[in-house]
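The sequence and the model are shown first.

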Amino acid sequence: MEKLHEEYLHLTNEVLPSLAKKGKFPVRFNHCFQRIILDNLFGCCWYDVLDKTQGAAYKQLNKNQLKAAIALAKQIISQSDEYIEELNNNSLRWRGKLKNKK
């Protein structure tokens, strides 16, 4: 699990924020990427599933969830900038911060 945690953190703390500087991402900070990934992993606001009082959300993920989160981060890297925008809109909608859009 430690290697998976390290990979997740590397992707969300370093790789994605670096790409955000080069692309047209709607977010640029690591915690925003983590929010987007976790929300899309669960299909809702992640703290409706995980206990935000229990420390870092990624540490609460089981092995399959962590692998899926890493896969989602890699999809963001390999897709066009519109993909992260779509995922961000999903996250904001689940949090009541964006009206429903198609």
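Contact here means heavy atoms within 4.5 Å. By that criterion, residues 24 or more positions apart account for 58% of the contacts in the chain with a separation of 6 or more. The model is a predicted one, in which local features need pLDDT of at least 70 and side-chain atom pairs count only at pLDDT 80 or more, while totals for chains, interfaces and linings use all residues. Residues are numbered from 1 along each chain as its sequence is written, and side-chain values use heavy atoms, with hydrogens and water left out.

The secondary structure comprises four helices and zero strands, where helices (H or I, at least four residues) and strands (E, at least two) are DSSP runs numbered from the N terminus. Along the sequence this gives the pattern α-α-α-α. The radius of gyration of the chain, taken over C-alpha atoms, is 13 Å, close to the 13 Å that the globule rule gives for 102 residues, so the chain is as compact as a globular protein of that length; the rule is 2.2 Å times the number of residues to the power 0.38. The C-alpha trace spans about 35 × 30 × 20 Å along its principal axes. Of the 102 residues, 37% are buried, that is, under 20% relative accessible area with a 1.4 Å probe and protein chains only.

Within this fold, helix H2 (residues 30-42) packs against helix H3 (residues 63-78) at an angle of about 120°, with the axes 10 Å apart. Axes are lines fitted to C-alpha atoms, for helices over the stretch in contact, and angles run from 0 to 180 degrees between N-to-C directions. H2 and H3 are therefore oblique to each other, since angles under 35 degrees count as roughly parallel, over 145 as roughly antiparallel, 65 to 115 as roughly perpendicular and the rest as oblique. H2 contributes Ile37, Asn40, Leu41 and Phe42 to the contact, and H3 contributes Gln65, Ala68, Ala69, Leu72, Ala73 and Ile76.

Ser91 is buried, with a relative accessible area of 0%.

Ala57, in the loop between H2 and H3, is likewise buried, at a relative accessible area of 9%. With residues up to four places away in sequence again excluded, Ala57 touches Leu38, Trp46 and Leu50. Ala57 and Leu38 are 19 residues apart in sequence and 8.3 Å apart in space, C-alpha to C-alpha.

Key. Buried < 20%, exposed > 50% of the residue type's maximum accessible area, 1.4 Å probe, protein only.
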